[in-house]
Amino acid sequence: MSQTRKWDIDNPNDQIRGANKDLHTRLMGIVTRRNLNPQLPKGDSSSISEIVEMLITNGVITTEEGKLRESAEVITTMGDRVDRGELITPVEFGNGTYTTAIGWFDNILPDIER
């Protein structure tokens, strides 16, 4: 099952916050269902990159590991910038790096969530 998101390049910060929150929630659901919470470095406040790394280390995510690590890093970095109050420009957001990274997770997570 593949989802296609609609992105509005005129309001990137709110979209990044929302997409990161949704992804974090989905990843934490996987962590909780597999009883892996104690292995998270910062518990529920672990970053998306930290959660993905732990899921890979524990064999929960086995496909496209390199791409998912890279995507998680892009997502985490962009989220950190937004959290610090930096404004993401429409041009930067529109380059597709972040949206492609989110797309990787949108495509792979439904199989892992089952």
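F93 and Y98 are both buried (under 20% relative accessible area with a 1.4 Å probe, protein chains only; over 50% is exposed, and anything in between is partly exposed). This is a predicted model, where local features need pLDDT of at least 70, side-chain atom pairs count only at pLDDT 80 or more, and totals for chains, interfaces and linings use all residues. Residues are numbered from 1 along each chain as its sequence is written, and side-chain values use heavy atoms, with hydrogens and water left out.

The structure has 3 aromatic pairs (Phe, Tyr or Trp rings, the six-membered one for Trp, with centres within 6.5 Å; planes under 30 degrees apart are stacked, over 60 edge-to-face, the rest tilted). W7 and Y98 make an edge-to-face pair, because their planes meet at 80° with ring centres 6.0 Å apart. This pair bridges 91 residues of sequence, from W7 in the segment before α1 to Y98 in helix α5 (helices are DSSP runs of H or I with at least four residues, strands are E runs of at least two, and both are numbered from the N terminus). Y98 has a relative accessible area of 1%, while W7 is partly exposed at 26%. F93 and Y98 form a tilted pair, with 6.0 Å between centres and 35° between planes. Together, W7, F93 and Y98 make up one aromatic cluster.

## Two residues of helix α1

Y98 also has a polar partner. The side chain of N20 makes a polar contact with the Y98 side chain at 2.5 Å (N or O atoms within 3.5 Å; within protein, one able to donate a hydrogen and the other to accept it, with sequence-adjacent residues counting only if both atoms are side-chain atoms). N20 is part of helix α1 and is buried, because its relative accessibility is 11%. Beyond neighbours within four places in sequence, N20 is in contact with I48, I75, G79, Y98 and I102 (heavy atoms within 4.5 Å).

D22 is also in helix α1, which covers residues 12-33. D22 is partly exposed, at 43% relative accessible area.

Helix α3 runs over residues 65-83, and its 19 residues should span 27 Å, which agrees with the 26 Å between its end C-alpha atoms (the expected span is 1.5 Å times one less than the number of residues). Its buried residues include L68, I75, M78, G79 and V82. The buried residues of α3 pack against α1, α2 (48-57), α4 (90-94) and α5 (97-113). After α3 comes G85, with a positive phi near 95°.
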